[in-house]
Amino acid sequence: MLEQSASGRHRWAGPGFETFGSIFGFIYTFLAGNVLLAVANSPLVLCLALVADPAAAWPFFLALTVTVAPSLAGIFAAFRSLNDDGSAVKPVAAFLRGYKRSFRRTAPIGLGAVAMLLFLGVDLAIVQSMPAAAALVPLIVVAAAVAVSLTVTAIAGVVLLPEASLKSILKASLYLSVQRWYLSLAMLILLGIIVSAAILQPVLGIALAPAPLLFVVWSNASYAFHAALHSA
């Protein structure tokens with residue numbers, strides 16, 4: 001960008017300190033967020049690193065994901081702090097504060113989601129050998145997708161609307177997951193990339209992939225909630 005000095009000459013004005021501070025805030029939050037997610041879900045991360053074929057023991061690994069919901073609240077709180085504080089963000093403190101504040105509500109959400117997915121997974125294994133598999137399998141897959149989308153959206157809602165009741169957040173999350181299906185689809189794709197990276201390369205995948213992709217998930221969920229509130 002060109003600026004005119006007092007002498008009348010033009011000089012180049014590069015990016016300001018605030019721009020670099022904002023970029024650093026994002027990078028710092030992403031790096032710290034990945035480490036905090038790995039620590040918060042250390043049993044899952046450790047087992048992924050040790051077991052050669054996690055898909056063969058999917059019920060065990062799905063049960064280990066019960067720790068994921070509160071950690072998502074923590075990383076979402078760090079992202080919210082990044083938006084509010086900019087370059088002055090303290091992602092570790094924001095993560096821990098969000099984790100502690102939201103644990104009582106997000107832990108049951110995560111437990112319910114794991115139970116639902118275990119139930120649907122067992123059903124899927126059973127119906128595959130049935131004559132009606134062609135009709136039932138897509139229904140089970142859609143139900144699982146809705147359960148995941150609802151869970152993640154509800155966790156974002158808990159962070160965004162800490163004063164709202166859990167029942168109203170769940171209702172709003174279900175409505176938004178269906179109404180804004182394209183955001184739900186994008187969320188499922190991003191979560192699928194994170195899961196694939198964690199399974200294929202547990203250490204490198206968890207160290208690099210989750211936070212930047214979860215930031216997009218958070219941004220979409222935040223937009224959906226704010227749009228619904230403004231239109232209400």
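## Helices H6 and H10

H6 passes H10 in a right-handed crossing, where right-handed means that the near helix is turned clockwise from the far one by less than a right angle, and left-handed that it is turned anticlockwise. This is a predicted model, in which local features need pLDDT of at least 70, side-chain atom pairs count only at pLDDT 80 or more, and totals for chains, interfaces and linings use all residues. Residues are numbered from 1 along each chain as its sequence is written, and side-chain values use heavy atoms, with hydrogens and water left out.

The axes of H6 and H10 cross at roughly 70 degrees and come within 10 Å. Axes here are lines fitted to C-alpha atoms, for helices over the stretch in contact, and angles run from 0 to 180 degrees between N-to-C directions. H6 and H10 are therefore roughly perpendicular to each other; angles under 35 degrees count as roughly parallel, over 145 as roughly antiparallel, 65 to 115 as roughly perpendicular and the rest as oblique. On the H6 side the contact (heavy atoms within 4.5 Å) is made by Val152, Thr153, Ala156, Gly157, Val159 and Leu160, and on the H10 side by Val217, Trp218, Ala221, Ser222, Phe225 and His226. By class, the contact of H6 with H10 has eight nonpolar, four polar and no charged residues. Ala, Val, Leu, Ile, Met, Phe, Trp, Tyr, Cys and Pro count as nonpolar, Asp, Glu, Lys and Arg as charged, and the others, Gly among them, as polar.

## Overall make-up

The protein has 10 helices and two strands, taken as DSSP runs numbered from the N terminus (helices H or I, at least four residues; strands E, at least two). Along the sequence the pattern is β-β-α-α-α-α-α-α-α-α-α-α.

Of the 232 residues of the protein, 39% count as buried. Buried means under 20% relative accessible area, exposed over 50%, and partly exposed in between (1.4 Å probe, protein chains only). Among contacts between residues at least 6 apart in sequence, 71% join residues at least 24 apart.

## Helices H6 and H7

Helix H6 (residues 133-160) also packs with helix H7 (residues 166-179): their axes come within 8 Å and cross at roughly 130 degrees. H6 and H7 are therefore oblique to each other, and their crossing is right-handed. H6 contributes Val146, Ser149, Leu150, Thr153, Ala154, Gly157 and Val158 to the contact, while H7 contributes Leu166, Ile169, Leu170, Ser173, Leu174 and Ser177. The contact of H6 with H7 divides into eight nonpolar, five polar and no charged residues.

Gly157 takes part in the contact of H6 with H7 and in that of H6 with H10. Gly157 counts as buried, at 0% relative accessibility. Leaving out residues up to four places away in sequence, Gly157 touches Ile169 and Phe225.

## Helices H8 and H10

Helix H8 (residues 181-200) and helix H10 (residues 210-231) pack at an angle of about 165 degrees, with their axes 10 Å apart. H8 and H10 are therefore roughly antiparallel to each other, in a left-handed crossing. In H8, Leu183, Ala186, Met187, Leu190, Leu191, Ile193 and Ile194 meet Pro210, Leu213, Leu214, Val216, Val217, Asn220, Tyr223 and Ala224 in H10. The residues of the contact of H8 with H10 comprise 14 nonpolar, one polar and no charged.

## Aromatic pairs

Rings of Phe, Tyr and Trp (its six-membered ring) pair if their centres lie within 6.5 Å; planes under 30 degrees apart count as stacked, over 60 as edge-to-face and the rest as tilted. By this rule there are 10 aromatic pairs. The rings of Phe26 and Phe30 have centres 6.0 Å apart and planes at 65 degrees, so this pair is edge-to-face. Phe26 and Phe30 are four residues apart in helix H1 (residues 17-40), which separates them by about one helical turn. Phe26 is partly exposed, with a relative accessible area of 29%, whereas Phe30 counts as buried at 17%.

Phe95 and Tyr99 form a stacked pair, 6.2 Å centre to centre with 25 degrees between the planes. Both lie in helix H5 (residues 91-127), four residues apart, about one turn of the helix. Phe95 counts as buried at 3% relative accessibility, and Tyr99 as partly exposed at 25%. Phe26, Phe30, Phe79 and Phe215 form one aromatic cluster.

## Ser102

Helix H5 also holds Ser102, which is buried with a relative accessible area of 6%. Not counting residues up to four places away in sequence, Ser102 touches Ala73, Val158 and Val159.
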